[in-house]
Amino acid sequence: MCAYSVFNTFPVYPLSAKPLILLAFCRYRYHTSLFNRPGFQKMLADIESDCVSMVVVKDMSRFGRNYLEVGLYTEIRFPEMGVRFVAVNDGVDSENQQDNDFTPFRNIINEWYAKDTSKKIRAVFRNKGLSGQRLSTNAPYGYIRGEDGDLIIDEETSPVVELIFELCVEGNGPGKIARMLKEREIPTPGTITFRRTGRTRNYHPDNPCGWTSDTVAGILDQDAYLGQTTNFKTTKLSFKSKKKIDNPPEKWAVFENTHKAIIQRDTWELVRKIREQRRRPTKMGEMGMFSGLAFCADCGARLYHCRSGSWTYEQECYTCSSYRTRKGCSAHYIRAVVLEQLVLQNLQRVVAYAQDDEDEFVRGVMEKKLAVQAAEREQAKRLLEKQARRMDELDTIIQRLYEDNVIGKLTDERFAKMSASYEREQEGLKASIAELAAMVQDSEAQAVNVQSFLKVVRKYTQPDKLTAAMLREFVEKIVVHAPDKSSGHRVQRIDVHYNFIGEIDLSPEYAQKTTA
């Protein structure tokens, strides 16, 4: 005889060399699945190996509180494998079927108890989360827990958090940032936790500085660095399941200024925008400065960064990602060095304009932006009215089709085909109308944030060189037009759209090259 614990993968204490009876002391936890634990699986393996003739538990609740799974083992699997099951306190014995009639109801009551306990625990956590207290028991990397439970900046690791955000602003992706941290021999969060607490989770002694892209991405997505607490980001479908699902943002509970921030709001927003732009490094592991920012003026697709190991920087270029598959679109080829020069020239003029006369700059930007917004809003409203009229027309058409079908003018087959077509059109119009209505509402509520742009301008004197960090702080996107060779010169235009304010009312930049 031997006894197994469901929390371990080995016998707690052996009673004989060849066990015939298995005593299962099943300590139950409501939030975890008993039947998937290593100890329970080892017990099943011994049963299947014909090493066990009996399973004894204190009572049915110790075996499990999920009545479906408990019934699966006690009613089906154990009898099929010839194993006797006994629950001592409940008087359950699989060899005495008359005493087992009430067992299914007892299992349901046990599950109800677990469900009720889970409900109470959820209520406690919800009240705690809605009061602004942080639900997570672990402090984010860069912070430590104070005596009162509040987050305190960790002087050892907070500079690493700032470094990670700084590297991201410069245009580096999580993979490259992870490699850079490893090269600088910066310990991973798991290594820091092991050194402080002895916990070995996420600690790899053979690679203490082995950062991964997932770890870096998790830090970049952690909004606790803004000094705020966000609760209820995830939830569970049921107390029976350990799987977490993401809650939509409207179900989050956000509390500002709950602790000291490590990252400023403008840096956080800039990183969010960079992270939303899907960019891939080249095969050499480098990221193009304009990757994710340059777009085709004709088809709207992104421009891909093209380079080779044998090319110099002057030979690197950007081309439209869809011109080979999209008819009517050209490559929009432009060299990287030329694009850099054009953007720098435009940026220099805009910065000089803003620094020389801020009041005039603000007035000009406001007038242009509001005029563009008004034009877009009116266009959206006209399209919205047109689609609403079409929706009414479709309702009338479908009603007439139904009447014709009832009186026999239209066959059932023809009616089904025509009505299905009109209903599909209606579904498309409903989605489009909802999108246009949201667009009109957002446009009416949108404000031109010129002061945020001026705040970035004040950080720099007249720039003489374009850097990746500067580019991401200033520029939202760059639109590259197809070259014009009608004059015997290759003339190519780009439009620079800036963060917060859009395109400035200055002459667009042109690249010229003799083709004759």
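Biologist: Which residues form one aromatic cluster?

Modeller: The model is predicted. Within it, Tyr 353, Phe 361, Phe 453, Phe 474 and Tyr 498 form one aromatic cluster.

Biologist: How many aromatic pairs does the count come to?

Modeller: Two rings pair if their centres lie within 6.5 Å, and by this rule the count comes to 13 aromatic pairs. Planes over 60 degrees apart count as edge-to-face. The ring centres of Phe 290 and Tyr 318 are 6.0 Å apart with planes at 85 degrees, so this pair is edge-to-face.

Biologist: Where in the chain do Phe 290 and Tyr 318 lie?

Modeller: Phe 290 is in the loop between α9 (265–276) and β13 (294–296), whereas Tyr 318 belongs to strand β15 (residues 317–320). The pair links distant parts of the chain, 28 residues apart.

Biologist: Why does Phe 290 count as buried?

Modeller: Buried means under 20% relative accessible area. Phe 290 counts as buried because its relative accessibility is 1%, and Tyr 318 counts as buried at 1% as well.

Biologist: What is the geometry of the rings of Phe 453 and Phe 474?

Modeller: Their centres are 5.8 Å apart and their planes stand at 75 degrees, so Phe 453 and Phe 474 are edge-to-face. Phe 453 lies in helix α13 (residues 450–457) and Phe 474 in helix α14 (residues 468–474), so the pair ties together parts 21 residues apart in sequence. Both Phe 453 and Phe 474 are buried.

Biologist: Which ring does the charged end of Arg 126 sit over?

Modeller: The charged end of Arg 126 sits over the ring of Phe 232, 5.0 Å from its centre. Likewise, the charged end of Lys 233 sits over the ring of Trp 252, 5.4 Å from its centre.

Notes:
Residues numbered from 1 in each chain as written. Predicted model: local features only at pLDDT ≥ 70, side-chain atom pairs only at ≥ 80, totals over all residues. Heavy atoms only, no water. Phe/Tyr/Trp six-rings, centres within 6.5 Å; stacked < 30°, edge-to-face > 60°. Helix = DSSP H or I, 4+ residues; strand = E, 2+ residues; numbered from the N terminus. Buried < 20%, exposed > 50% of the residue type's maximum accessible area, 1.4 Å probe, protein only. Lys NZ or Arg CZ within 6 Å of the ring centre and 35° of its normal.
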